[in-house]
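Visitor: I have a model open and want to learn to read it. Can you walk me through a few features?

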Amino acid sequence: MAIAVPSPQKIVIEPVTRIEGHGKVTILLDHEKKVKQARLHIVEFRGFERFIQGRPFWEVPVLVQRLCGICPVSHHLAAAKAMDRIVGGENLTPTAEKMRRLMHYGQMLQSHALHFFHLVSPDLLFGFDADPTTRNIIGVAKRFPDLAVQGVMLRKYGQEIIKATAGKKIHGTGAIPGGVNKNLPIAERDGFLKDIEQILTWSRGALKIARDYTVEHAKDLAGFGTFDSNHVSLIRADGAMDLYHGNLRAIDARGSKIFDQVDYQRYLECIAEEVRPWSYMKFPFIKSLGPEQGWYRVGPLARLNTCDVIDTPEAEAARQEFVKLLGGAPVNVSMAYHWARMIELLHSAEKIRTLLNDPDLQGTDLVVKGTRREEAVGLIEAPRGTLFHHYRVNEDDQVVRCNLIVSTTNNNTPMNRAVEDVARAYLSGAEVTEGLLNRIEVAIRAYDPCLSCATHALGQMALIVEVVDCGGQLLDRKARGGGTDAE
Amino acid sequence: MPNRMLFIGYGNPGRLDDGLGPACAAAIEQMHIPGVTVDADYQLTVETAATAAQHQVVVFADASVAGPEPFFFRAVEPAASTGFSTHVIEPEALMAMTRDLFRAETKGYAIGIRGYEFNAFGETLSAKAQENLAAALRFLVPVLRDSSFNVALTKGAGELPAEARNRS
């Protein structure tokens, strides 16, 4: 659909389809109908920090799962890691740490699989310009049914791992301050072991699709939402990728270290957040570089860029090929997120296999405690990137302060950059084509943002395109989604 | 032979009336209706299609933002949707996956219970939402027990069975 409107104008796309929750894209044109600025508005509800004040600290790892129905395990574990320190129990028993890691790799597996098979594969298999009514998972199910089933079954396997380690699918209670409340019985372990080779096979297949697509389209993708940036993630003491625990490392666009092996209890010395009037979401940045130069990427691409090695053999081989074929680390191509994500998918499957064969999972020493603290930070590499939980607890065990920086917030500026880059490349004049809308979605989707802090309910899922003039007057509106087209 | 019925309530119980679906599922679960498997989640996800395919009927319960009061009840026909995000999918898309991926002939129905308060954190339902939930349960229980979906579909939201009208 073409929309011709007088300039200056704003073109508003709301919400973005096939991205979690709700978002809105505004493209602001100048008087010459060139892109002046593009903004991704994310409706992030920021009341949680207040909601949790006054609650007993031991409830927090369960309560925080109410933040997000997409990644409750990540919030559960990040909060538990903070509360470990509150009770002086951060040196977990082997059983506790391995149960948590199993939970986390299960989460990583299911989240990455779901994102790739069901959000991304339609774009890669059918092309960005394919009809949106077929460029979706139902279209994949009809044309590539085996692939679609693999996505579902990978997701289901990861969910079952979560259920076995967290106790239940929603409001899991597995991680508690200082440890876990259960181990993994032999019978459950054997059930997972029975299927793990199949999971690995499917993971290798997914990695191949992402790798082949990226290599085949490398030239085009290099000009699509690509820009230099800093990268931040947790890193193990020896420089290896570690998705559950480590210290903070930041590198610049050329790979030079900005800071390294920083204890995340001191994250406020390195990271700050900026508020901008047009967005509910904050804009984090590296303090030493300031808000203009210090913004950074997190998530699979950043993790592949920051780490020196991956400690599972197949994922490490894939990482080396990734670095070699994309011109050496760090890679700054937004669409390379998909390949990086599938390397992590395989890494998670390898980790799950190793853990399932570890008898520590059947141990009975589950909880440790030590000297009580009043303040603590918990960090984890969630599927979408680094997740910060920071709490202060009073002598009555009540939470009195809470600050969260969620993964999607960390990627706020990069997502805006990606949208603007695509808008500059594909929007000319005032004509908003389906191709442009699709490409904006594709660019944002590379970051796998989770916008589900907004509630959702029947009747709320649609893509709405609004044209608004600079005075805020609505000039045009188009809605798409929910199974039907609506105006 | 597939199981008789899957009842799944979804929504975020930490977001006030968004928790209507899980609250409905919890209430149904306590009734131990024969042949009814009850599940609850934050939202529908793709693997729910695999579970749905193992049942003859799936009933979705969710909060409704702007639907009729106290609730609506309708059949869910399989349909592709350009509007769903696949960490969160709509009942129609889920039924399409059940049919196209798992070759199942599962029938789908949805009950949308009207809620009012969504934009805050909190673990309680609003008073009006609680009333609507009670009405929905009075309507649902005989329908689930008897599989009387065709009869249920003939009732508009304002034409509830006697059991649903008889509020205390």
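Visitor: Which residue takes a positive phi just after helix 6 of chain A?

Guide: Keep in mind that this is a predicted model. The residue is Gly167(A), with a phi of about 100°.

Visitor: What span does helix 6 of chain A reach from its first C-alpha to its last?

Guide: An α-helix has 3.6 residues a turn, so residues three or four places apart point the same way. Now the case here. Helix 6 covers residues 145-166 of chain A, 22 residues in total. Its span is 31 Å, close to the 32 Å expected at 1.5 Å a residue.

Visitor: Next, sheets. In what order do the strands of the four-strand open sheet of chain A come?

Guide: Strands of a sheet pair through backbone hydrogen bonds, either parallel or antiparallel. In chain A the order is 8-7-6-11, and the pairing is mixed.

Visitor: Why is one side of strand 8 and of strand 11 of chain A left without a neighbour in the sheet?

Guide: Strand 8 (257-262) and strand 11 (296-297) of chain A are at the edges, and each has a single partner strand, so one side of each lacks a neighbour in the sheet.

Visitor: How many bridges pair strand 6 with strand 7 of chain A?

Guide: Five, in the antiparallel sense. Strand 6 is residues 230-235 of chain A and strand 7 is residues 247-251 of chain A.

Visitor: What is the pairing in the open sheet of three strands?

Guide: Antiparallel, in the order 12-13-14 of chain A. Strand 12 (375-382) and strand 14 (399-405) of chain A stand at its edges. The twist averages 15° from one strand to the next. Eight bridges join strand 12 to strand 13 (residues 385-393) of chain A. Across that pair, Gly378(A) stands opposite His389(A) in strand 13 of chain A.

Visitor: Which helix lies across strand 12 and strand 13 of chain A?

Guide: Helix 3 (residues 72-86) of chain A, running at about 150° to strand 12 of chain A.

Visitor: Last, domains. Which residues does the assignment give to domain 1 and domain 2 of chain A?

Guide: Domain 1 of chain A takes 9-43 + 428-486, and domain 2 takes 92-226 + 333-367. Their contact uses eleven residues from domain 1 of chain A and twelve residues from domain 2 of chain A. On the domain 1 side, helix 15 (residues 434-445) of chain A gives the largest share, six residues. That side of domain 1 of chain A divides into four nonpolar, two polar and five charged residues.

Key. Residues numbered from 1 in each chain as written. Chains lettered and ligands numbered in written order. Predicted model: local features only at pLDDT ≥ 70, side-chain atom pairs only at ≥ 80, totals over all residues. Pairing = 2+ DSSP bridges. Helix = DSSP H or I, 4+ residues; strand = E, 2+ residues; numbered from the N terminus. Domains from an automatic or database assignment. Contact = placed C-beta atoms within 7 Å. Nonpolar A, V, L, I, M, F, W, Y, C, P; charged D, E, K, R; others polar. Expected span 1.5 Å × (residues − 1). Axes fitted to C-alpha atoms, helices over the stretch in contact; angles between N-to-C directions.
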